[in-house]
Amino acid sequence: MAESVHAGASRTLLDRIEQAALLLAALSLGGVVACQAWQVFSRYVLNAAPSWTDPAALLLIANAAMLGAAVVTRREAHFAFAGLVSAAPPPLARALRCFSDATLIALGLALLWIGGTLAAGDLHVAMAGVPLPVGMRYLPMCMGGALIALFAGERLALRLRGDA
Amino acid sequence: MAILFITFAVLLALGAPVAAALAIATFAALAALGVPFEAGVQQMTSGISSISLIAIPLFIFAGELMLRGGISERIIAFAAALVGRLRGGLAQVTVVSSTLFGGVSGSAIADVSAVGGAMIPQMIQRGYDRDYAVNVTVSAALVALLLPPSHNMILYSAAAGGGISITDLFLAGVAPALLLAASVMAVTYVLARFRNYKGEAFPGFATLAVRLVAAIPGLLLVAIIFFGIRSGVFTAVESATVAVLYAIVVSALVYRALRWRDFVEACLGAVQTTGKILLVIAAAAAFGWTMAYLEAPRLAVDWMQSIAHDQTTVLVAMVVALLLLGTFMDMAPLVIIATPVFLPVARAYDVDPVHFGVIMILSCGIGLITPPVGSVLFIGASIGQVPMERTVRGLVPFYAALLLVLAAVVLYPPLSLTLPALQR
């Protein structure tokens, strides 16, 4: 009983993290539209080409992509070849799905660790065009990697418990 | 090199997501080569840090908005007045609607969802066989892949290193797209005769004109995108931004069909599709960089030159490979992975990269309606509530038409290259 309450609470927490990731990703996408719209407006109306719009749009799109990829992990909607999984008998199919989750955990942890190292290493180097450190470029990979590992870990745990 | 390709193939076969298979295979190869893993993540980050790639999520977003914003309904109503009286009227309406909507959304998935969602139930209700209704719709949806603003063409340009003009690619797809639409209409007509499906009553020229006027704001989008890029008023990325803003204005203010909830759903749908595609692009960038480090494209060219000596044989071999790969892989990852290997081979045989782009998009696109991995076929079959096996049997005449169009595109380069040449 206590275990199921605990599992329910974790699930609610992960639901909230997923919703926050989706919201942040959608806002980032909106930010990209705003940056590019401002670029066109500035060029034709203000007669000035801002230098920050492209680097800012690139950061925002990386953010939207990696957060979106994390959400897609939780919804099991990544591109994959399902031929063997769908043809396999149920125990083997379950093992293959666990394996698929494990590959995403490995990818997520690699992005978190290596992305974090790269971000920390370039925190004192200034980015061209925007007053931000170059290390910021790796933060979406790092953050997305952490969430991918988290959500894939949840799927793996659910499968091992027989709930998915 | 063996580690790179074998790890990728084994992981993919075991059901690992394409992005994970690409990234893990890359890390395995880097470990074997003694290259630090940081190089892999740097390449992944660079892979999604290309300005031209921003156009992809924005066009996807614009497509999601149009799907929910009443644009497809106006286009279908106009198409019904235009071609509904032909034999198999509702099916012909589906093909024309798909072509017009494809020219606005540039996405086969958005096309089959928007047009199929409206037309397949109507066709079934009017007594058309379910498999016929689904097959017409999924085949016609492929037209969107070749029309501006096809995000798969932008993907091809990015996978090729960004040196291929997106405007040229957009233009190159127009004639093959129209030929494809005409071929699907011809097959639809012949099958309608066999199955004795009648046409609809012509609503009159006044209705046709009214419906055209209602559809024009939506249809204008393709003109704005196209002439905006061509005239140099804005770049491809800026045109995608304009597409998003225009879709919001038309669907929310002109058609008054886009509610807040639809807008939020469009945002969330776009973000997830973006995440799926861009994670594969990131991983494929690292995979491609490792392939280049190992000189895989040069080896592919050498190998092809050792077995084939003329352009046509090489193109046919590559098309067969893409068709086979397309049955197992989704289109976006296939375009991203295959372009860096196949394009150098095509270039070595003096194939124009724009021409090859159209060949690649069409070859990979056919895979979207073939089992076992055909996302457009899945969506169509689920809307029509018809088993996949029954659908595929009925698709044979459509496959034949698509392959004939593909053969024409491969063997007759002016079909693709005349329009880009005219605008230069």
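Predicted model: local features only at pLDDT ≥ 70, side-chain atom pairs only at ≥ 80, totals over all residues.
Chain A holds 5 helices and 0 strands, and its elements follow the order α-α-α-α-α from the N terminus. With a radius of gyration of 20 Å, well over the 15 Å that the globule rule gives for 164 residues, chain A is more spread out than a compact globule. Its C-alpha atoms occupy a box of roughly 65 × 35 × 30 Å along the principal axes, and 47% of the 164 residues count as buried. Chain B, in turn, contains 21 helices and 0 strands. Here the radius of gyration is 21 Å, close to the 22 Å given by the globule rule for 424 residues, so chain B is as compact as a globular protein of that length. The C-alpha trace of chain B spans about 70 × 45 × 45 Å along its principal axes, and 59% of its 424 residues count as buried.

Over all chains, 11 aromatic pairs are counted. One of them joins B:Tyr132 and B:Tyr197 in a tilted arrangement, 4.9 Å centre to centre and with 55 degrees between the planes. This pair ties together distant parts of the chain, 65 residues apart: B:Tyr132 belongs to helix H8 (residues 130-141) of chain B, while B:Tyr197 lies in the loop between helix H11 (166-195) and helix H12 (205-230). Elsewhere in chain B, ring pairs connect B:Phe5, B:Phe8 and B:Phe287 into a cluster. Charges also meet rings in this chain: the charged end of B:Arg74 sits over the ring of B:Tyr255 at 4.1 Å from its centre, and B:Arg85 lies over the face of B:Phe202, 4.4 Å from the ring centre.

In chain A, the closest N and O atoms of A:Arg159 and A:Glu76 are 2.6 Å apart. This bridge links distant parts of the chain, running from A:Arg159 in helix H5 (residues 139-161) to A:Glu76 in the loop between helix H2 (53-74) and helix H3 (83-87), 83 residues away. The two partners fall into separate accessibility classes: A:Arg159 is buried at 4%, whereas A:Glu76 is partly exposed at 43% relative accessibility. In chain B, B:Asp129 pairs with B:Arg195 at 2.9 Å between the closest N and O atoms. Here again the partners come from distant parts of the chain, 66 residues apart, with B:Asp129 in the loop between helix H7 (108-125) and H8 and B:Arg195 in helix H11. B:Asp129 is partly exposed at 34%, and B:Arg195 is partly exposed at 30%. Another bridge, with a distance of 3.1 Å, connects B:Asp262 and B:Arg259; B:Asp262 is buried at 8%, while B:Arg259 is exposed at 52%. Shared partners also join A:Asp15, A:Glu18, A:Arg74, A:Arg75 and A:Glu154 into one salt-bridge network.

Finally, the surface carries a nonpolar patch of about 660 Å², made by A:Trp38, A:Phe41, A:Tyr44, A:Val45, A:Leu46, A:Trp52 and B:Val233. Among them, A:Tyr44 is located in helix H1 (residues 2-46) of chain A and is partly exposed, with a relative accessible area of 45%.

Conventions:
Residues numbered from 1 in each chain as written. Chains lettered and ligands numbered in written order. Heavy atoms only, no water. Phe/Tyr/Trp six-rings, centres within 6.5 Å; stacked < 30°, edge-to-face > 60°. Helix = DSSP H or I, 4+ residues; strand = E, 2+ residues; numbered from the N terminus. Lys NZ or Arg CZ within 6 Å of the ring centre and 35° of its normal. Patch = residues over 30% accessible without salt bridge, like charges linked within 9 Å, V, L, I, M, F, W, Y side chains within 5 Å. Areas by Shrake-Rupley, 256 points an atom, 1.4 Å probe, with all protein chains shown as cover. Salt bridge = Lys/Arg side-chain N within 4 Å of Asp/Glu carboxyl O. Buried < 20%, exposed > 50% of the residue type's maximum accessible area, 1.4 Å probe, protein only. Rg over C-alpha atoms; globule rule 2.2 N^0.38 Å.
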